[in-house]
Amino acid sequence: MLSLSRNREDDTTMPDIDLYVIHKLDRRQPPEALAAQLTAELNRTDPRDSLTRSRIETARVILGDPARRTQYDQQLNDPSAPAITEATLAQLSGRTAPTAPRRSVTARPLAIVAAATVVLLVIGIVLVVTLTGGDDDKDTTTAQNPGTSQPTESSGSGGSAGSQRSPAAVGQTVKHDGVEWAVIKAERITNRGQICGGLGINSRVIGVTVEGKNTGASAEQVFSYSTQNVIFSGRARSANCAEVGGQVKTGTTSIPAGQSQQITYFFSLPDTGSDPTTFIFETWDETRIYFTLSYS
C-alpha cells in the first residue's frame with residue numbers, strides 16, 4: 001500500500017489525478033474492460049505524442065491490473081490519504097513519471113475562453129492591416145509554429161538508421177544506450193490459435209521478433225508489450241501480447257549485462273488492409289526506434 005502519511009484535506013493545491021475522469025472510464029467496469037478501452041485510446045493517439053501515450057499506458061498498467069487498481073481506488077477514495085500525483089502513479093505502475101505538468105480538467109473552459117479571445121484579437125489585427133494597407137516598405141518576419149513535441153529518436157550507428165525518416169531494416173542493428181537492438185524476423189502467423197492462448201482467432205496476426213544485445217554494465221529493462229507498436233492503416237496499433245522463450249510475457253523484461261534476449265510481439269489486426277511495414281520499438285528511456293518490416 002502506498003504511504004498515507006499526509007492528510008489530503010489539508011492540501012488544497014494538489015488535486016487527485018483521477019484516471020477515470022481523465023480517460024472517461026466507467027468505474028463499474030472490470031479491469032479487463034478498462035484495459036481494453038485504454039488500449040483503444042492508445043491506438044487512436046498519434047504515435048509522435050509520446051507524453052500522452054506514456055500517460056495512457058500508465059493508466060492501463062494500473063487500472064488493468066486488479067491488485068494495482070484496488071490499491072489506486074483505495075487511495076483515491078480515502079480523504080485522509082495523500083493526493084495522487086504523477087509520482088504516485090509512477091510508483092504504483094513501476095513506470096517513469098513524466099516531467100511535463102498535466103492539464104487540469106477544470107481548466108479547460110478557461111483555456112477555451114482564452115483561445116477565443118486570441119482568435120478575436122488576431123481577426124481584429126488582420127482587419128486593421130487590410131483596411132490600412134499595411135506598410136509595404138518594411139521587412140516582414142514570419143513566426144514559426146512550434147507545433148507538437150516530437151519523440152526522441154535513436155540516431156543509431158551511421159547517424160540515421162532507426163529514425164522515423166530512415167528506419168532500420170530487418171536484421172539491421174541500432175545501438176542505443178549500450179544495447180544493440182534489431183528486428184530479426186517479421187512473420188504472418190498461421191497457427192494463431194496457439195499464440196498467447198488463442199490470440200486473434202478471427203483476425204490476422206503479425207509477429208515481430210526483436211533481439212536486444214546488452215553490451216552495457218547493468219541490466220536493461222524493456223517495457224511490456226503494450227508500448228510497442230506497428231503502423232497499420234495510418235495509425236499506431238499496440239501489441240496484444242508478447243512471448244519470451246516461448247512463454248507469454250505480460251510485464252517488463254530484463255536483459256542482463258553482457259547477454260542477449262529475444263522478444264516476440266504479436267499484433268492482432270483486421271483482415272482488411274495491407275500488412276504493416278513500420279514497427280516502432282520503445283526503449284526503457286522512452287526513445288523510439290523505427291524499423292521497416294519485411295516478412296519471411
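1. The lining of the largest cavity is made up of Leu42, Ser50, Arg53, Ser54, Glu57, Arg95, Ser226, Thr227, Asn229, Glu282, Glu286 and Arg288, where a cavity is a set of points on a 1 Å grid over the protein atoms alone at which a 1.4 Å probe fits but cannot get out, and lining residues have an atom within 4 Å of a point. The model is a predicted one, in which local features need pLDDT of at least 70 and side-chain atom pairs count only at pLDDT 80 or more, while totals for chains, interfaces and linings use all residues. Residues are numbered from 1 along each chain as its sequence is written, and side-chain values use heavy atoms, with hydrogens and water left out.

2. Helix α3 (residues 50-63), a DSSP run of H or I with at least four residues, gives the most to this lining, with four residues. In α3, 12 of the 14 residues are buried, that is, under 20% relative accessible area with a 1.4 Å probe and protein chains only; among them are Ser50, Arg53, Ser54 and Glu57.

3. Arg95, one of the lining residues, also lies over the face of Phe223, at 4.8 Å from the ring centre; the criterion is CZ of Arg within 6 Å of the ring centre and within 35 degrees of the ring normal.

4. Tyr20 lies in helix α1 and Tyr72 in helix α4, 52 residues apart.

Key. 1 Å grid on protein atoms, 1.4 Å probe; cavity = no way out; pocket = protein on both sides within 12 Å on 5 of 7 lines; lining within 4 Å. Helix = DSSP H or I, 4+ residues; strand = E, 2+ residues; numbered from the N terminus. Buried < 20%, exposed > 50% of the residue type's maximum accessible area, 1.4 Å probe, protein only.
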